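Subject: Structure handover

Hello,

Here is the structure you will be taking over. Please open it alongside this email; the findings follow below.

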Amino acid sequence: GTPQKYDPTFKGPIYDRGCTDVVCCVLLVLAIVGYVVVGIVAWTHGDPRKVIYPTDSRGQFCGQQGTPNEYRPPRPRFHAPRLLGRGGDKPKDFPVSRHLHVFSSPIQICVSKCPDRYLTYLSAYGSRTPAELEYYRQFCVPEFKNLQKPPIQVLKDKECPAMIIPSTPLARRCFPAIQAKKGVIMVGNETTYDDGHGRRRNVTELLEGAKKANVVLETRQLAMKIFEDYTVSWYWIIIGLVIAMVASFIFIVLLRFLAGIMVWVMIVMVILVLGYGIFHCYMEYAKLKGEAGSDVSLADLGFQTDLRVYLHLRQTWLAFMIILCIVEVVIILLLIFLRKRILIAIALIKEASRAVGHIMTSLLFPLCTFFLLCLCIAYWASTAVFLSTSNEAIYKVFNETACQFSGQTCKPETFNTSNVTKLCPDAQCLFAFYGGETAYHKYLIVLQFFNVFMFFWLANFVIALGQVTLAGAFASYYWAFKKPDDMPAFPLFSAFGRALRYHTGSLAFGSLILAIVQVIRVTLEYLDHRLKAADNKFAKFLLSCLKCCFWCLEKFIKFLNRNAYIMIAVYGTNFCTSARNAFFLLMRNIIRVAVLDKVTDFLFFLGKLLIVGSVGILAFFFFTHRIKLVQDTAPSLNYYWVPILTVIVGSYLIAHGFFSVYGMCVDTLFLCFLEDLERNDGSAEKPYFMSPNLKKLLKKTNKGQPEA
């Protein structure tokens, strides 16, 4: 590329600029209009209740107003095994569905509560206590009223299940209450049950069909304990996040005055934090020596929902210690080899500190980006849910005996007067699934794909808008010859206005390219998930290569876009021109890019690590009751790692938000610095715009010009 030539009229971000990439701007507006139309159509046809609430065999929601089941509150799913088959048949697996299945055929009913006992219809009918039969009747179809009807006819007409078993509520459905006591599988404290046909069966026959249900129940128990931990520790978690926010802000403010000292202190503190982690892991490893069960390997233990079990194994602490040692050694080696370049990085950080100090509102700008991203996520998620629930209820013919209409679609309102009931007396028109035959239903998958694509496009556009705004504000600082006197009054708002007014099309262009690559990556991940069970090694290898290539391509495009947005903010050129100029500018200074920019990124990473590590260690000592001053104040928890991990993740996000502003500032100043070196030579006609500290570091001077 050709270096920029001296322009006597150039004084920083150009104000007299025109609109760029108008075609992409129009395309984005049309896409947003189409996205809104898709959302309105989805909200018109969709019904999220299909995901949340169970339905009966007629497709009616349980316990919802305006339905026959209004006074039957939606309850968890109840599955009974297939007991209406031929004699001698074993119970079949529990079908995986969202409904209340009470017999073998897909008949589903709404119940007010789950069964709490073993009971067969024959025993309930023959009982001398009318209450038994009345209790059983709540698990029959709503139309069943005749309690004197012969039991054989009731079962033949599928009005009641042959048996009920004790069940556990979960997500408005009923699951068999399977539990293990001393290695014995039991349901309702019983190891056998009556199948309703006079045979005793072992409850283990229910186990295979309820395996998935048990996993769900165990997950639910884990989730409930985690939820309990959040209810008693949420305010302490907020306090931890506030501490992380204050620490990040103080750290950035101190960088303005003590950048050199803070960087070296940060490096030493990170090494000390990792060193303490290694020491703590060793102490825990040594303390478990000789304790019963501590020598069990992780492979032998397998996955456990109670993660505290792993902390009682020596191998766990040994693995932690090895990982921390490797990280410690890598960081020390990097610091040794890059020690001469750290001083240059410190100079850039000091300059960025001054720029942020003059534009303090830039620290709050990530909140605006975060808010817009939340809107994008909320709109995408709600549209996806409404699209996925836009299908109509499909009814099919079900019957026990052979019938030519079996499996065909039907309409409940006209089924009883159709020829089907005449030719197949035992046939029933029951709800089967959600679907549709209209053009809208056929293209639902296309609309879902468009929804995902628009989410990536708009999310990348929001991020690009934030980057251009910050770049424009910090560029106005660098190109001010007398800092801060020559800066505009409101540099951040001015940059934001220029970005939206003139460069919406360029931002749309850059984010569109990135969105296309991300959608391709998502598609490849989906294909990889579908091919996991396949044995085609060549296809898996090819897919892995494609995933790697597109991952690298996405990283490169993000890097190129970021620098292109800086050039757009400064010069007001279109996306392609800005990307080309930024790329060749960086290539002409590739050594400086590799050393200065990346060393600075590494130091920012250490800053995040210090803040997150410090707050994480503080949270660890607090929630494990190891701080004597507040030992009684800390809440009692099921899993102390729940609030600790929450604080660590939240602290990282907070620190990342603060340091992202700093990172954009350093990148902008660095690109402006390279432009300054190419445009100017320090003479009276072409003075440098860089700060005195940078000129001193690079041994540059402005001849015949007083220093700013």
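The axes are lines fitted to C-alpha atoms, for helices over the stretch in contact, and the angles run from 0 to 180 degrees between N-to-C directions.

Two notes on the source. This is a predicted model, in which local features need pLDDT of at least 70 and side-chain atom pairs count only at pLDDT 80 or more, while totals for chains, interfaces and linings use all residues. Residues are numbered from 1 along each chain as its sequence is written, and side-chain values use heavy atoms, with hydrogens and water left out.

Overview

The protein has 22 helices and eleven strands. These are DSSP runs numbered from the N terminus (helices: H or I, at least four residues; strands: E, at least two). Of the 708 residues, 45% are buried. Buried means under 20% relative accessible area, exposed means over 50%, and partly exposed is in between (1.4 Å probe, protein chains only). A contact means heavy atoms within 4.5 Å. Take the contacts between residues at least 6 apart in sequence: 71% of them join residues at least 24 apart.

Helix 18 and its partners

Two packed helices are described by the angle between their axes and the distance between the axes. Start with helix 15 (residues 444–478) and helix 18: their angle is about 50°, and their axes are 8 Å apart. The two are therefore oblique to each other. Helix 15 passes helix 18 in a right-handed crossing. A crossing is right-handed if the near helix is turned clockwise from the far one by less than a right angle, and left-handed if anticlockwise. On the helix 15 side, the residues that meet helix 18 include Ala464, Gln467 and Val468. Their counterparts in helix 18 include Arg562, Tyr565 and Ile566. By class, this contact has eight nonpolar residues, two polar and one charged. Here Ala, Val, Leu, Ile, Met, Phe, Trp, Tyr, Cys and Pro count as nonpolar, Asp, Glu, Lys and Arg as charged, and the others, Gly among them, as polar.

Helix 18 also packs against helix 19 (residues 575–588), at about 105° and with the axes 8 Å apart. This pair is therefore roughly perpendicular. Phe556, Phe559 and Asn561 of helix 18 are among the residues in the contact, as are Phe575 and Ser578 of helix 19. The contact has twelve nonpolar, four polar and no charged residues.

Asn561 lies in helix 18 (residues 537–571). Asn561 is buried, at 5% relative accessible area. Leaving out residues up to four places away in sequence, Asn561 touches Gly510, Leu514 and Phe575.

Cysteines

How many disulfides are there? The count is one, taking a disulfide as a pair of cysteine sulfur atoms within 2.5 Å. Cys140 is joined to Cys160, with S to S at 1.9 Å. The torsion about the S-S bond is about 110°, so the disulfide is right-handed. Both Cys140 and Cys160 are buried. Cys25 is in no disulfide; its nearest cysteine sulfur, that of Cys19, is 7.6 Å away. Cys25 is partly exposed, at 23% relative accessible area.

One more buried residue

Ser353 lies in helix 10 (residues 339–358). Ser353 is buried, with a relative accessible area of 2%.

Best wishes

Notes
Angles under 35 degrees count as roughly parallel, over 145 as roughly antiparallel, 65 to 115 as roughly perpendicular and the rest as oblique.
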